[in-house]
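Welcome! Take a moment to look over the sequence and the model, and then let us walk through a few of the features together.

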Amino acid sequence: MRIDLITKEYPPFIYGGAGVHVAELVRVLRKHIDVKVRAFGEDRDETDTFAYRHASEFDSVNAAVQTMATDLAMVSDIAGADLVHSHTWYANFAGQVAGRLHGIPHLITAHSLEPLRPWKEEQLGGGYRLSSWVERTAYEGATGIIAVSDGMRNDILRAYPQIDPAKVSVVHNGIDLDAFQSANNPDLVRANGVNPDQRSVVFVGRITQQKGLPYLLKAARELPSDVQLVLCAGAPDTKEIQQTVTDLVEELRKVRDNVIWVEKHLSRPELIAMLSAATVFACPSIYEPLGIVNLEAMACSTPVVATATGGIPEVVSHGETGLLVPIEQLQDGSGKPLDEAKFVADFAAALNEMLENPRIAEFGAAGRRRAEQLFSWDSIAEKTIEVYRRAIG
């Protein structure tokens, strides 16, 4: 069985959860089947891994058109595969065209959905309309779709009601349990401006509307004065949201002197050290198909306070591995809270409840056990291969 896996992100160029998913999945799949990776960008020094870039005549066109041009550059090379497996809309066009051209099944893993990120139209205009068209037509024509959570499956069927529910399977994201485990490395923590001997609430994520960082910054006003707020946050989607976060951080620093903003991309050892040193991990996302970052924190034995949205409740067990904060959301695709003040207050209360819980260490230990029991990549690779076999027939 030869699988050609199409992705925008692949090591060493990873900036989001989809890239982490692909990297870990490929690593385990290659123990069992033939996998050829076709990725965007710079050449990789890895067997059966190929890189593609759009032709120079597309340098000055819309970024969405550049993506489609890159996809088309891959199509001929996919000949001979038994199945093509695409990840995110960036790769869906290549999978769709190759599947039709070569007469092979096209499988999609859904990490997010364009209809649930409507703010991108403000940022990208026609580019967003193109990405939405690519995603919709690919999903409608795909042989099968893997959702990374039950919540994501529900989102797919709601966003694209014409899709046959029978072709949407659920295979959760996973976590590298050998790499992600509690590690006491105070020097790495201090090197990033954080005191490992003091309590901390840690956020890790890109600065996007879906990650909900502004809500956390507002909630942080209610944290105990000794608790550090650590923001491992960069790669802003737009100048506007970068400015919003910058302004909120400046306002917060007027009343707190322990707000640490780490804007660089953390190496894996730095990330593990930061998660391990955290008292509580905070995930204020308003849209999260699953939330690998919560799994990473749990694997490092850190309790999580997270929004009860998307696939997060399938990862974080309320009252056992952390606390889930309820949210009533707008149904216009934005996911914004209907009552922002209530959501912010509830998030602050949950953070404080966890910080002061005398059993907090038990929550962390339970998180590690849950990650081991349900989210190992070996288990996820086995389930993915089962989906491949069903699609190939």
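Predicted model: local features only at pLDDT ≥ 70, side-chain atom pairs only at ≥ 80, totals over all residues.

## A helix to start from

## The seven-stranded sheet

Where does β7 belong? It is part of an open sheet of seven strands, arranged in the order β3-β2-β1-β4-β5-β6-β7 and paired in parallel. At the edges stand β3 (49-52) and β7 (168-170); each has a single partner strand, so one side of each is left without a neighbour in the sheet. From one strand to the next, the twist averages 25 degrees.

For a look at one pairing, find strand β1 (residues 2-7) and strand β2 (residues 34-40), which are joined in the parallel sense by six bridges. Here D4 has K36 of β2 standing opposite. Helix α2, residues 63-75, packs on this sheet and touches β1, β2 and β3. The direction of α2 makes about 150 degrees with that of β2.

## The six-stranded sheet

There is also an open sheet of six strands, and its order reads β10-β9-β8-β11-β12-β13, with parallel pairing. Why is one side of β10 and of β13 left without a neighbour in the sheet? Both β10 (259-262) and β13 (322-325) stand at the edges with a single partner strand each, so one side of each has no neighbour there. The twist in this sheet averages 20 degrees from one strand to the next.

Within it, β11 (residues 280-283) and β12 (residues 304-307) run parallel and are joined by three bridges.

Rolling a probe the size of a water molecule over the atoms shows where empty space is left. In this model, the second largest pocket holds about 330 Å³ of space. Which residues come closest to its centre? They are D155, R158, T309, Q329 and Q331, out of 16 residues that line the pocket.

Notes. Residues numbered from 1 in each chain as written. Heavy atoms only, no water. Pairing = 2+ DSSP bridges. Helix = DSSP H or I, 4+ residues; strand = E, 2+ residues; numbered from the N terminus. Axes fitted to C-alpha atoms, helices over the stretch in contact; angles between N-to-C directions. 1 Å grid on protein atoms, 1.4 Å probe; cavity = no way out; pocket = protein on both sides within 12 Å on 5 of 7 lines; lining within 4 Å. Points joined across faces, edges and corners; volume = space filled by probe spheres on them. Contact = heavy atoms within 4.5 Å.
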